[in-house]
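These notebook entries record what I looked up in one structure.

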Amino acid sequence: MNVSVRALEAFCVEALTRVGVGEVDARITADVLVTTDTWGTFTHGTKALRAYIRRLGGGGLRRDGRPTVVAEGPAWAMVDGDSSLGMVSSVFAMNTAMAKAATAGVALVGLRNNCHFGAAGYYAAMAIEKNMIGISMANDIPTVNAPGARGPIMGSNPFAFAAPAGREKPILLDMATSTVAGGKVFAAAALGKTIPAQWLLDAYAKPTADPTLFPHAASLTPLGGYKGYGIAFLIEVLSAVLTGAAIRWDVLSWTFSDASKPTGHGAAFLAVHIASFIPVERFKDRIDRTVRAIRGSEKAAGADRIYLPGEMEWERREKALVAGIDLPDDVVASLLGLAEDLQLDLNRLLR
């Protein structure tokens, strides 16, 4: 199904306001999810909206939750998300980090009482328009194995980094600390497809190509073995141990756990004010020259191009803003289910 960005945003806002979310919060959430879809990261976009609304209905997410700063200093802050939608509290926290970085040079903001926040890249990318470097991360319920373990040890704990450029496209890295995000495994299962055996380990820590075993009888492999495991632990420390959020198994699943209970996710956001270190235009010129040098490097046999982090996503977004978003079947199925749940007219997406 091909849908326009504007129509998809309108559907998301209508769905959220229908269940009692205020319009401002609904528009923030819709922008995060639809932007993610324009990047082609469909596992973390509007497909998730149905599960968020189910949790709103159960009370585990608060329709009227208000994230607030509960402690702060010149270069740091602690935000309580009040079990509001993860997009709402995370945008608030990243805005807080950027406001403080504008005077302090660098600022770190922790977030507790949060839920799943979607694509980490959205919050890191918020810094680009402010001529800042952005970093975002979050913890999650364990679904990822660790070397030597049988079963999940850490969450897929995502990490994102963004930096502005001059004439080149901004740099944007958004990654799970597992080999792939769990959403890709769920998508394969929903579409009846097998997966590469290096994505999952079964209950005996043996590779499996069966996505239907996840998460009850299989765990994701950590990115790069012990390296991904170590980075996931760092993210757990910064987003949960440091912030007072739920740690590892104390985090509830935003999709499978009792919808009446808050999930307890934690997150952390870092903003770096470029002008405090170097003139912005000089920084952007140095980024541009670095990008062009990498792009002009000798290519391997059969390779047409060397991509920079985020380059594919920005190109997909440019195309989607003009030609619409081609939604995969599993995303369409989720939106159709949500429309049926709320008695909304999904046919508007076809116009």
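Entry 1, cavities. I began with the term itself: a cavity is a set of grid points where a 1.4 Å probe fits but cannot get out. The model I searched is predicted. My search of the whole structure found one cavity of 30 Å³ or more. I noted a volume of about 30 Å³ for the largest cavity. I then listed its lining, which consists of Lys169, Pro170, Ile171, Val291, Arg295, Leu308, Pro309, Gly310, Glu311 and Trp314. Helix H8 (280-295) and H9 are the elements that give two or more residues to this lining. By class, I recorded six nonpolar residues, one polar and three charged in the lining of the largest cavity.

I next turned to an open space. I recorded about 370 Å³ of space in the second largest pocket. Its lining has 16 residues, and the closest to the pocket centre are Ala125, Met126, Ile128, Glu129 and Trp314. Which helices each supply at least two residues of this lining? I found helix H2 (23-38), helix H4 (86-104), helix H5 (120-125) and helix H9 (311-323). The largest share, three residues, comes from H9. I sorted the lining of the second largest pocket into eight nonpolar, two polar and six charged residues. I also noted that Trp314 is among the residues lining the largest cavity.

I counted ten helices and twelve strands. The C-alpha trace spans about 50 × 50 × 45 Å along the principal axes of the protein. I compared the radius of gyration with the rule for a compact globule: for 351 residues the rule gives a value near 20 Å, and the protein has 20 Å, so the two agree. Of the 351 residues, 52% count as buried. Taking contacts with a separation of 6 or more, I found that 67% of them join residues 24 or more positions apart.

I kept a general point in mind: in soluble globular proteins, nonpolar side chains tend to be buried together. The largest nonpolar core here has 69 residues, and those with the most contacts inside it are Ile53, Tyr123, Phe269, Ile325 and Leu327. H4 gives the most to this core, with eight residues. I then looked up the contacts of Ile325: leaving aside residues up to four places away in sequence, Ile325 touches Met1, Asn2, Val3, Val5, Leu8, Val34, Asp37, Thr38, Phe42 and Ala320.

I located His44 in the loop between H2 and helix H3 (49-58). Is His44 buried or exposed? The cut-off for buried is under 20% relative accessible area, and His44 counts as buried because its relative accessibility is 18%. Not counting residues up to four places away in sequence, His44 touches Leu33, Thr36, His116, Gly118, Ala119 and Ala181. I also noted a separation of 8.9 Å between the C-alpha atoms of His44 and Phe117, which are 73 residues apart along the chain.

I found Thr208 in strand E9 (residues 207-208). Thr208 has 11% relative accessibility and therefore counts as buried. With residues up to four places away in sequence left out, Thr208 touches Ile195, Pro196, Ala197, Leu200, Leu201, Asp202 and Leu213.

How values were computed:
Residues numbered from 1 in each chain as written. Predicted model: local features only at pLDDT ≥ 70, side-chain atom pairs only at ≥ 80, totals over all residues. Heavy atoms only, no water. 1 Å grid on protein atoms, 1.4 Å probe; cavity = no way out; pocket = protein on both sides within 12 Å on 5 of 7 lines; lining within 4 Å. Points joined across faces, edges and corners; volume = space filled by probe spheres on them. Helix = DSSP H or I, 4+ residues; strand = E, 2+ residues; numbered from the N terminus. Nonpolar A, V, L, I, M, F, W, Y, C, P; charged D, E, K, R; others polar. Core = buried A, V, L, I, M, F, W, Y, C linked by side-chain atoms within 4.5 Å. Buried < 20%, exposed > 50% of the residue type's maximum accessible area, 1.4 Å probe, protein only. Contact = heavy atoms within 4.5 Å. Rg over C-alpha atoms; globule rule 2.2 N^0.38 Å.
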